Amino acid sequence: SKLKPGAKSAYLAANLIAESATAYARLYDMTDSTTLVELSTSATDTGNITRSGDLLTSLPGKEVLTHFDIRTSGSRADCYWAGLVFEY
C-alpha cells in the first residue's frame, strides 16, 4: 500500500519456465485469502519472461501479507526470478 500512491501501473514479471505442460506463478494475498495475479506459460526456454497485465487496481490499499508461489500441471516448473514492478 505504501508503493501504490502515485504509480501509473503495476505488473508481475517472472522468468517462468515449464519443463512440460504449463507452469503457473501466483501472487497471493494471505490476509484476505485472494489471488492478486496469476501468470502461466508453457515456455521451456530459460530466457522466457512472462508478464501480467496492469494489476494496479487489483492491489490492496492496505498492508497485507503476500506470498509468491509456483506450480505446474506437468513434471517441473522453475522460476529464477520474479518481481512486482511499479511504473511512476
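Which residue lies over the face of Tyr11? Let's find out in these close-ups of a predicted model, where local features need pLDDT of at least 70, side-chain atom pairs count only at pLDDT 80 or more, and totals for chains, interfaces and linings use all residues. Residues are numbered from 1 along each chain as its sequence is written, and side-chain values use heavy atoms, without hydrogens and water.

**View A. Charges over two tyrosine rings.** Arg51 lies over the face of Tyr11, at 3.5 Å from the ring centre. Likewise, Arg71 sits over Tyr24, with 4.2 Å to the ring centre. A charge counts as over a ring if NZ of Lys or CZ of Arg is within 6 Å of the ring centre and within 35 degrees of the ring normal.

**View B. The open sheet around β1.** Three strands line up in the order β4-β1-β6, with antiparallel pairing. β4 (50-51) and β6 are the edge strands, each pairing on one side only. Strands here are DSSP runs of E, at least two residues long, numbered from the N terminus, and two of them pair if DSSP finds at least two bridges between them. β1 and β6 share nine bridges, and Tyr11 has Val85 in β6 as its bridge partner.

**View C. The largest nonpolar core.** This core has 17 residues, and Leu12 is among those that touch the most other members. Such a core is a set of buried (under 20% relative accessible area, 1.4 Å probe, protein chains only) Ala, Val, Leu, Ile, Met, Phe, Trp, Tyr and Cys residues joined through side-chain atoms within 4.5 Å. β1 gives the most to this core, with five residues.

Definitions and conventions
Buried means under 20% relative accessible area, exposed over 50%, partly exposed in between (1.4 Å probe, protein chains only). Helices (H or I, at least four residues) and strands (E, at least two) are DSSP runs, numbered from the N terminus.
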